[in-house]
Amino acid sequence: MRIDAISIFPEFFNVLDLSLIGKAQRDGLLQLNRIQLRDYAFDRHHSVDDTPTGGGAGMVMKPEPWALALEDVLASDDAAVRPTLIIPTPSGEVFTQRVAEELAGRQHLVFAPGRFEGIDERMSHWAAEHFDVRRMSIGDYVLNGGESAVVVMVEAITRLVPGVIGNSESLAEESHSGEGLLEYPVYTKPAQWRGEAVPEVLLSGDHAKIAQWRREQQLQRTRKIRPDLWAKYVVAQEMANE
Ligand SMILES: N#Cc1c(-c2ccc3cc[nH]c3c2)n[nH]c1N
């Protein structure tokens, strides 16, 4: 998988060189290119923003530097592959595990995190001629820019690429995977810690009972903590039993 991340703060993505995603890059499973947007602004100050047409507070990012950067990405891409352009925005579709699973199957992802009040709308209209454009939000809260969202999405997506996570079995038991239930509580040594013991069943060696306890914990947690996910789970169970 090739990933291009264009930003006025490309160093923001250095965190992706750590841990498993960094190793996946070194192993050749992922290619992560960081691109400085200001390299595509040719005035004396390499300015990438201007005042909002129609008035209003703040500044808006000009479309031209983005188009020039994206054209360079296209020029260095395999023409047979139509890249997916992900534009982080609070007004986008919600990024979920399902979306991460979908995008993990793509060959080439390009991220365009804006700053200021956002990017001139015409950029995404132009880009739609050359990319599959997805305006994406990582949640209902407001950030100062899209770079944090890119880090979140890249981690959620790339960990699903075969070979990136050593133990792919663990993916199936995680929150929001498979049936959409929350994950069960986990414990390790010591068996007794500051007055609290590990649940007895986990020490029993009875794998069937342990699996049953873990399943019950998933159901109880999901019902208590995420009634929205619980409702979806109940409907899915009813439909499966029809
Ligand atoms: N994704 C996402 C976002 C953002 C976001 C994205 C881009 C820009 C550019 C300026 N401000 C931004 C906020 N806020 N909250 C989210 N879930």
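What covers the buried residues of H1?

A: Before we zoom in, keep in mind that this is a predicted model, where local features need pLDDT of at least 70, side-chain atom pairs count only at pLDDT 80 or more, and totals for chains, interfaces and linings use all residues. Residues are numbered from 1 along each chain as its sequence is written, and side-chain values use heavy atoms, with hydrogens and water left out.

Now to your question. The cover over the buried residues of H1 includes strand S2 (31-36) and helix H5 (147-158). Helices (H or I, at least four residues) and strands (E, at least two) are DSSP runs, numbered from the N terminus. "Buried" stands for under 20% relative accessible area, "exposed" for over 50%, and "partly exposed" for anything in between, using a 1.4 Å probe and protein chains only.

So who is tucked away? In H1, the buried residues are Ile21, Gly22, Ala24 and Gln25. They sit on the same side of H1, because they cover an arc of only 160° around the axis. That arc is the one made by the directions from the helix axis to the C-beta atoms.

Let's pick out Gln25, which lies in helix H1 (residues 19-26). With a relative accessibility of 18%, Gln25 counts as buried. If you skip residues up to four places away in sequence, Gln25 touches Leu16, Asp17, Leu30, Leu32 and Arg34. Contact here means heavy atoms within 4.5 Å.

Ser19 has its place in helix H1, and with 60% relative accessibility it counts as exposed. Its phi is near 50°, a positive value in a residue other than glycine. Most residues other than glycine have a negative phi. Just after H1, Gly28 takes a positive phi as well, of about 85°.

Another positive phi turns up at His46, near 50°, again in a residue other than glycine. You'll find His46 in the loop between S2 and strand S3 (49-50). His46 is partly exposed, with a relative accessible area of 36%.

Finally, step back to the whole chain. Its secondary structure comes to eight helices and nine strands. Of the 242 residues in the protein chain, 41% are buried. The C-alpha atoms fill a box of roughly 70 × 45 × 40 Å, taken along the principal axes. And among contacts between residues at least 6 apart in sequence, 73% join residues at least 24 apart.
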